Amino acid sequence: MERIKIRSWGDLSGENWSSLILGNGASIAIHEEFAYMTLHSIAHKKGLIASTAPVFAKLGTTDFEHVLLACWYAERVNAALGTPSTAISAAYEEVRTALIEAVHSVHPVHADVAADLQRVGEFASKFPTVVSLNYDLSLYWAMLVFNAIHGSWFKDAFHDGEFQTNWEYLRRPHGHAEGATLVFYPHGNLAVARDYLGDEIKLAVGTGAAGDLLDTITRKWASGHYVPVFVSEGTTQQKIAAIRRSRYLTNVYEEALPSLGESLVVYGWSFDERDQHVLDAIAKSQPRQMAVSVFTGQPDGDQQAYCHHVFKAVARSLSDVSVTFFDSMSPGCWNKPNP
């Protein structure tokens, strides 16, 4: 098997990259606890869904949002028919509480990752577009930190909590910001929520209160008025089904991913077959160049095996793409300090 060269990020950073794609490795680089199995597995391990495990199984899903919506609609149907809903209400409460506790068990607090957030903001600001396949708040926090200094540089196309589907105009610099980076979450984010009428909003805190964001979000969930919009597990078919339930995710999937440009940087993405739909959508932008990070903290054989895995995954959706690999621990890369 041909040996593949893994370069330093410094060798590639000067090129004109159009977009940055972030996978779970980007979150793990900031906080090791993000190397969890799945939120459903954590909740099961902690005994948080002892009564509702059959509901997940019956619906054939490990997606909390799917189960929460099913319970909510079941309550409404029973109310209309005059049928008691005590058991369904209890199931809804258990699933909601399990989700909140599972998220808190793996998510860091803002103060513990503050130094990383500054470096992440600097790194991500070099790209016109950033898409994060992670649901956690690391990138969102980094955006807030960077914008507090540089103005409205990072934009996620939400205005007053509502998503703007005509987001292309946001690429123009605004105010005293000297540039602009658009950020999208193809699998949603903890900060994106939906009420049961189907309206989707971004949950936010006031300026300078970024550290309170996680607690604000989970309080909103606990109120019973919102469920999160994020897709953290399931097969590629299940993920597409979840995407189609959301206007925000559908817009990102159909409009943002197919317009990422010709030169892509990928950091921390496993290229798992469960994300094949993401590659299929990206293929519509006909990229010609892709730089993919490799975690060099693993044995050399595993590094080489990953590179060959990427080649195969890319070949399933993309053609005529030149793939280069770089060390994810390179100085100045993602949250790594410059020397």
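This is a predicted model: local features need pLDDT of at least 70, side-chain atom pairs count only at pLDDT 80 or more; totals for chains, interfaces and linings use all residues.
**Figure 1. The overall dimensions of the C-alpha trace.** Along its principal axes, the trace spans about 65 × 50 × 35 Å. The radius of gyration is 20 Å, which agrees with the value near 20 Å that a compact globule of 339 residues would have. As for contacts between residues at least 6 apart in sequence, 78% of them join residues at least 24 apart.

Figure 2. In total, the protein has twelve helices and 13 strands. Eight strands make up an open sheet with parallel pairing, and reading across it gives E1-E13-E12-E11-E2-E3-E7-E4. Strands E1 (6–7) and E4 (154–155) stand at the edges. Each has a single partner strand, so one side of each is left without a neighbour in the sheet.

**Figure 3. A closer look at strands E2 and E11.** Here, strand E2 (residues 19–22) runs parallel to strand E11 (residues 263–267), and four bridges join the two. To find your way around, pick out serine 19: its bridge partner in E11 is leucine 264.

**Figure 4. Where the charges sit on average.** The protein carries 27 positive and 37 negative charges.

Definitions and conventions. Residues are numbered from 1 along each chain as its sequence is written. Side-chain values use heavy atoms; hydrogens and water are left out. The radius of gyration is taken over C-alpha atoms; the globule rule is 2.2 Å times the number of residues to the power 0.38. Contact means heavy atoms within 4.5 Å. Lys and Arg count as positive and Asp and Glu as negative; His and the chain ends are not counted. The place of a charge is taken as NZ of Lys, CZ of Arg, CG of Asp or CD of Glu. Two strands pair if DSSP finds at least two bridges between them.
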